[in-house]
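Hi,

Here is the structure I promised to pass on.

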Amino acid sequence: MSEAISGAENKNNEGDATMPRHPDFVPQGVIPAVLLPFHADLSIDEPSFRAHLRDIAAVQGLSAITVNAHSTEVASCTQDEQRRVMAIAGLEAARIARQAQAGGASALLVFPPGPFTLGQSAEMALAHFKTIADATDLPLIVFQYPLATGQGYPAATLERLLDEVPSIRAIKDWTPLVPQHESQIRALQGRKRPINVLTTNSAWLLSSLVLGCNGLLSGSGSVIADLQAKLYRAVKANDLAEARRLNDRIYPVARVFYTDPFVDMHNRMKEALVLLGKLPRAVVRPPLVKISDAEIARIRDALMDAGLLGAETAMGRNAA
């Protein structure tokens, strides 16, 4: 694993597109979206971030990692901080891969503009993507939001994007409706120039992968990348028994991460990494606030149910 995918959300961090490394990179396979640790004063905890990157990158079967996305609390990071996150990720990826030269991002995950919640047109979406495509040679990943949010692209708009912006190579599909999700997988991966569908439906990952996605891009990969990679391989090998066994381990963790309020999902993932001894603290930036002790206890129970945390270890950390 030596690829780094960077998010591009609204006006903040499209500048990350200035360091092309692999313009022919095709996003596919298992792509965790990592977390961003902070010190108690809310500054970035660089040593813990480097350790987190090394921990995720050591997992067998990953094709890339994602930074500067929802999972790294990108909306509360300055442009300089986003560039620093990208630089650290690029250096760590290069070091792990024993490459002689550190690079930048290998693809850009493009978020829909915030104003789209009030309405959008195909021309607006095209202008958004063409502006980014004109600024970089990097492959683009469309972040397909649920249509109900107003930020998702209707099928006709999505088709125009793919026809008119050739640097789009994949979509991160957050479509919660199974018929629409399946339709997009069939339509996009069946094009003359196939567009890979990377599922981000982590709360029902097995079901989504069985529909034929060519990869997954998930924030919960910051905690369970190994289980996700094994599940993806099992589905690709048509080993349903193994896939169901792995899904039984993933299920309690996904259930506790993706409960209401949904906005706390990455907050919960940080707490999980603290319980697992992989982060020193679970600090989040406003407007997020620390979750309750009762919710942390539920996360601890889920990690134990998944076989990721032993009872003795959990009791010891609880006492600490």
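Cys77 is buried, with a relative accessible area of 7%, and Cys213 is buried too, at 2%. Buried here means under 20% relative accessible area, exposed means over 50%, and partly exposed is in between, using a 1.4 Å probe and protein chains only. Searching the whole structure for disulfides (a pair of cysteine sulfur atoms within 2.5 Å) turns up 0.

Before you read on: this is a predicted model, so local features need pLDDT of at least 70 and side-chain atom pairs count only at pLDDT 80 or more, while totals for chains, interfaces and linings use all residues. Residues are numbered from 1 along each chain as its sequence is written, and side-chain values use heavy atoms, with hydrogens and water left out.

On confidence, pLDDT is the predictor's own score for each residue, from 0 to 100. The protein chain has a mean of 88, with 85% of its residues at 70 or more. Two stretches to treat with care: pLDDT stays under 50 over residues 9–20 and also over residues 96–103. Counting contacts (heavy atoms within 4.5 Å) beyond four places in sequence, the model has 35 for residues 9–20 and 14 for residues 96–103.

Overall, the protein chain has 11 helices and 8 strands. These are DSSP runs numbered from the N terminus: H or I over at least four residues for helices, E over at least two for strands. Of the 320 residues in the chain, 55% are buried. Among contacts between residues at least 6 apart in sequence, 71% join residues at least 24 apart.

As for α3 and α4, their axes come within 10 Å and cross at roughly 35°; axes are lines fitted to C-alpha atoms, for helices over the stretch in contact, with angles from 0 to 180 degrees between N-to-C directions. Ala122, Glu123, Ala125, Leu126, Phe129 and Lys130 of α3 make the contact with Thr157, Arg160, Leu161 and Glu164 of α4.

Cheers
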